[in-house]
Amino acid sequence: AEQIDLARTQSSGVRDLKHFLEFAERGPRALAEATRGSLGGFESPFEESVASALVRKGWELHTQIGASSFRVDLAVVHPDAPGIYLTGIECDGATYHRSATARDRDKLRERVLRGLGWEILRVWSTEWWIDAEGTLEKLDARLRMLLDASRARRAEEAARRAMERKEETIEIETVSGWNHGNVESESVEMYAKNVTEALIPQPTVFMEADPVSVVDAVDPQAFGDSAYDSTLERMIAHVVEVEGPVLDSVLARRIARAHGWQRTGAHIQRRVDALAIKIHRVTQEEDGGTFYWPEGCDPEASVTFRRSAGKSVRNMDEICMPELIALAREVLTGDKRGEEAMIIMARELGLQRLRLKGANRVRIERAMALVAKT
């Protein structure tokens, strides 16, 4: 559910799907906590001023989130999950002053919101008027603390789920053409059951980078200016260092999302490539994939295959051939060969299907062939 961002669509079907998934995940509590996205614009110039300042700091905000007249003034979108909110921000603007009593304004409202699962921060107009910059820095620091805490919780949850998955039977869905030679459909489940226990060593984890975390602020308006090069270079270097070897289109996508753009056009790709190629080693693969490598990581040396953690999932074409070779070497170290080894590799890569002449199957076969030659 957290992957569905209602701010991007007005479809009632998408909204209902999100709420259904929330109910399936958390039960009846999700019905009380459900929101329908932004229900209006800014209710005061003060709210707009706070929101504009936070946007310059790289945060994405939605206004008037809630139901009926009971709304959160500003809701900060979680950078890692656009379908949920990191926190709500209450301003002493129009909604605050409409409350009948001081208790309603200062205690009851916040207590109800926290009971509905919201983390609430408050910004006072007097503090903003006296020292807007200092108040902004404090607010930004608190938001980043909440983000760090949220990421730690999500990482723990991802690790717990990964451990649970290891204990479950791994099911591989085969397609027409797999059940030939000496591989029978009845034996596929047997091959998959003991993969994590008997075949694959402790994994190295792939995690997505947060390029915004290494700069003071992002400025979409300055993206094409040469004076902005140093900021982009720091963001690019961080992504390559954390995710590298990283596909060129993935690198450009990370930078685009950091600036609030949902699409990565040719202009963004060219801009990122022009800076990245100056400071990072590049390899070009047979299928056309271009990968940037971090410092100290040699494409000619042995590379470790990185398994995905949590929501940091890579598509097959986003994984470079040296990593696929490393995975093939792990699998082929045992007594697994041919179609059996290919099934195990597919499962490790998160694939449920391998088409007979599909690009994914071709890349897996190529990696296995290169290992067999050595």
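How many helices and strands are there in the protein? There are 15 helices and nine strands, where helices (H or I, at least four residues) and strands (E, at least two) are DSSP runs numbered from the N terminus.

This is a predicted model: local features need pLDDT of at least 70, side-chain atom pairs count only at pLDDT 80 or more, and totals for chains, interfaces and linings use all residues. Residues are numbered from 1 along each chain as its sequence is written, and side-chain values use heavy atoms, with hydrogens and water left out.

**Whole chain**

Begin with the surface view. The protein exposes about 20,200 Å², and carbon and sulfur atoms supply 51% of that area; accessible areas come from the Shrake-Rupley method with a 1.4 Å probe, and for residues only the protein chains shown count as cover. Of the 374 residues, 43% count as buried. Buried means under 20% relative accessible area, exposed over 50%, and partly exposed in between (1.4 Å probe, protein chains only). Among contacts between residues at least 6 apart in sequence, 60% join residues at least 24 apart, a contact being heavy atoms within 4.5 Å.

**Helix H1**

Select Lys18, which is found in helix H1 (residues 12–26). Lys18 counts as buried because its relative accessible area is 5%. Show its neighbours next: not counting residues up to four places away in sequence, Lys18 touches Ala1, Glu2, Ile4, Leu6 and Gly83.

**Cysteines**

Now colour the cysteines. The structure holds zero disulfides, a disulfide being a pair of cysteine sulfur atoms within 2.5 Å. Cys320 is in no disulfide, and the nearest cysteine sulfur, that of Cys297, is 7.8 Å away. Cys320 is buried, at 0% relative accessibility. Cys91 is also buried, with a value of 1%.

**The cis peptide and the cavity**

Go to Pro245, in the loop between helix H10 (229–243) and S6. The peptide bond that leads from Gly244 into Pro245 is cis, with omega near 0°.

Pro245 also takes part in the lining of the largest cavity. On a 1 Å grid over the protein atoms alone, a cavity is a set of points where a 1.4 Å probe fits but cannot get out; a pocket is an open set with protein on both sides within 12 Å along at least five of seven lines; lining residues have an atom within 4 Å of a point. Grid points are joined across faces, edges and corners, and a volume is the space filled by probe spheres set on the points.

A search of the whole structure finds one cavity of 30 Å³ or more. About 60 Å³ of space lies in the largest cavity. To display its lining, select Phe206, Glu243, Pro245, Val246, Leu247, Val250, Arg254, Arg306, Arg314 and Glu318. Strand S6 (246–247) and helix H11 (248–258) are the elements that give two or more residues to this lining.

Which classes of residue make up the lining of the largest cavity? Five are nonpolar, five are charged and none is polar. Here Ala, Val, Leu, Ile, Met, Phe, Trp, Tyr, Cys and Pro count as nonpolar, Asp, Glu, Lys and Arg as charged, and the others, Gly among them, as polar.

**The second largest pocket**

Move to the second largest pocket, with a volume of about 320 Å³. Of the 19 residues that line this pocket, Pro299, Met321, Pro322, Ile325 and Leu370 are the closest to its centre. Strand S7 (281–284), helix H13 (321–332) and helix H15 (359–373) each give two or more residues to the lining. H13 gives the most, with five residues. By class, the lining has ten nonpolar, four polar and five charged residues.

**Helix H14**

Next select helix H14 (residues 338–348). Nine of its eleven residues are buried, so H14 is largely enclosed by the rest of the structure. The buried residues are Glu339, Glu340, Ala341, Met342, Ile343, Ile344, Met345, Ala346 and Glu348. Just after H14, Gly350 takes a positive phi of about 80°.

**Helix H15 and the end of the chain**

In helix H15, pick Arg361. Is Arg361 buried or exposed? Arg361 counts as buried, at 5% relative accessibility. Draw a line from Arg361 to Met316: the two are 45 residues apart in sequence and 9.9 Å apart in space, C-alpha to C-alpha.

Finish at Thr374, in the segment after H15. Thr374 counts as exposed because its relative accessibility is 73%. Thr374 and Arg329 are 45 residues apart in sequence, and their C-alpha atoms are 9.9 Å apart in space.
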